[in-house]
Amino acid sequence: MIQCPRGTRDFLPDEMERRRFYEGRLRDTARTFGFREVETPIFEDSELFILRSGPNVLKELYAFEDKGGRSIALRPEMTAPVVRMFVNGMSNDPKPIKVFYFGQCFRYERPQSGRYREFFQFGAEIIGVATPQTDAEAIATASAMLKALGLKDYRLRIGHIGVLRQRIADIGVPQERTAEVLQKLDKKLYDEARPILADMGVSDDDMEALFKLTETVGGTEVLSEVPGEAGDWLRQVVAFLDAMGVRDVEIDLGVVRGLDYYTGMVFEAEAPALGAEKQICGGGSYTLSELFGGERVFSTGFAVGFDRALLALEKEGASYENAGIDAYVICASDDMRVEAARIAASLREAGVSADIDIMDRKMAKAMKFASSAGARFAVIVGARDLENGEVTLRDMTSGEQRQVPVGELAGRIRA
């Protein structure tokens with residue numbers, strides 16, 4: 001038996017309905033905040049992701065050469081494709097541009113709980129302006145999305161990459177090696193960072209002070225410890241968030257995000273129900289467009305790890321009840337099958353979801369199938385009833401049934 005590839009999944013009908021339900025909540029929230037949907041190709045030129053993340057990203061890419069000899073990669077994330085799309089077709093549009101997107105991404109890494117080689121991202125970008133209010137707008141949108149999903153317990157951690165960049169520069173780290181150090185700090189790999197910093201001539205005291213800075217965590221009172229322009233910026237972001245009703249935030253200067261292109265505010269959302277691997281959302285302010293041939297444009301964006309968010313909901317005990325169908329049409333006898341098909345078609349034309357027995361089952365088995373299909377009503381088509389222009393409508397929950405004129409059937413079911 002051929003199985004689906006490792007790190008991928010099949011979504012059966014019940015699970016697919018559940019996923020579409022929660023995806024719909026995210027879409028509705030994004031539109032409420034004024035975002036409009038976009039879509040980009042699942043594969044792009046490999047260079048797009050190398051320019052964004054460096055040549056080391058090739059180890060994680062599903063990359064291949066197409067029949068024209070071009071180096072192509074399945075997208076490992078969606079920010080770079082969206083910015084490429086902006087440079088190609090939206091750079092002259094009025095700013096800011098607010099877009100959202102949803103789709104699958106691919107990374108060749110070891111599958112584990114909540115992490116797959118094919119996974120789904122829901123993200124949003126505000127392109128064209130760098131202000132504290134823009135950053136607050138992005139964080140507030142992300143917070144509203146997590147709330148709309150129904151998550152009861154999640155934490156928002158906000159930092160500013162400029163604080164660490166400045167400290168790293170002050171202790172003598174060359175600019176071309178800043179990303180290497182930030183990646184270690186992002187994962188709190190201090191033991192791995194020490195020999196790298198020592199090789200650059202950084203003293204032990206400066207190293208410890210840098211590591212201590214990444215451990216600066218607390219409520220808004222911590223903002224008094226954030227120096228310079230970065231501190232002023234974060235204070236304005238928090239003030240806007242407070243005005244927008246987003247108050248339960250944590251200041252964490254250890255939020256790094258580990259990517260070169262972030263320029264200012266960075267943030268992450270965590271779901272404690274997931275244990276150690278608890279991050280479900282992340283983002284920040286950045287510039288990327290100049291890498292892809294456009295002018296330098298400031299943006300703020302984020303992405304929700306859809307799979308991990310759904311896993312967090314499961315861990316919290318959230319349940320989803322499948323909608324089922326409105327009506328299941330059953331023949332009382334074989335000579336009624338054409339009439340049953342006619343009635344099912346009329347229900348569908350009236351906007352009522354309806355299925356019909358096409359397996360020639362006996363009445364008892366057809367009723368059992370209607371129940372397993374989650375039908376709210378069974379419509380039983382019999383010759384004697386139909387002579388009077390009626391059918392039998394059975395409530396599948398209460399078991400109550402009544403004769404209903406065919407012309408009133410759709411209205412009764414809708415009501």
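Arg19 is placed in helix H1, where helices (H or I, at least four residues) and strands (E, at least two) are DSSP runs numbered from the N terminus. The structure is a predicted model, in which local features need pLDDT of at least 70 and side-chain atom pairs count only at pLDDT 80 or more, while totals for chains, interfaces and linings use all residues. Residues are numbered from 1 along each chain as its sequence is written, and side-chain values use heavy atoms, with hydrogens and water left out.

With a relative accessible area of 4%, Arg19 is buried (under 20% relative accessible area; exposed is over 50% and partly exposed in between, with a 1.4 Å probe and protein chains only). Its side chain is joined to that of Asp307 by a polar contact of 3.2 Å, a term that denotes a pair of N or O atoms within 3.5 Å; within protein, one must be able to donate a hydrogen and the other to accept it, and residues adjacent in sequence count only if both atoms are side-chain atoms. Not counting residues up to four places away in sequence, Arg19 touches Arg9, Phe11, Phe120, Phe306, Asp307 and Leu310, contact being defined as heavy atoms within 4.5 Å.

Thr79, in helix H3 (residues 79–89), is likewise buried, at a relative accessible area of 11%. The side chain of Thr79 makes a polar contact of 3.4 Å with the side chain of Glu125, and Glu125 is also among the residues that Thr79 touches beyond four places in sequence, together with Tyr101, Tyr261, Tyr286 and Leu288.

A search of the whole structure returned 12 aromatic pairs (rings of Phe, Tyr and Trp, the last by its six-membered ring, with centres within 6.5 Å; planes under 30 degrees apart are stacked, over 60 edge-to-face and the rest tilted). Phe21 and Tyr320 form a tilted pair, with 4.9 Å from centre to centre and 40° between the planes. Because Phe21 lies in helix H1 (residues 13–32) and Tyr320 in the loop between helix H10 (306–315) and strand E13 (327–331), this pair ties together parts that are 299 residues apart in sequence. Phe21 is partly exposed at 32% relative accessibility, and Tyr320 is partly exposed at 23%. Ring pairs also link Phe11, Phe100, Phe102, Phe120, Phe122 and Phe306 into a cluster.

The largest nonpolar core contains 83 residues, and those with the most contacts inside it are Val181, Leu197, Leu241, Phe267 and Phe302; such a core is a set of buried Ala, Val, Leu, Ile, Met, Phe, Trp, Tyr and Cys residues joined through side-chain atoms within 4.5 Å. Helix H4 (residues 132–149) supplies the largest share of this core, 8 residues. Leu241 touches Ala136, Ile139, Ala140, Ile158, Val246 and Val249, when residues up to four places away in sequence are not counted. A second, separate core of 20 residues includes Ala340, Ile343, Ala354 and Ile413.

For the chain as a whole, 14 helices and 17 strands were assigned. The radius of gyration is 28 Å, well over the 22 Å that the globule rule gives for 415 residues, so the chain is more spread out than a compact globule (the radius is taken over C-alpha atoms, and the rule is 2.2 Å times the number of residues to the power 0.38). The C-alpha trace spans about 95 × 55 × 45 Å along its principal axes, and buried residues make up 47% of the 415 residues.
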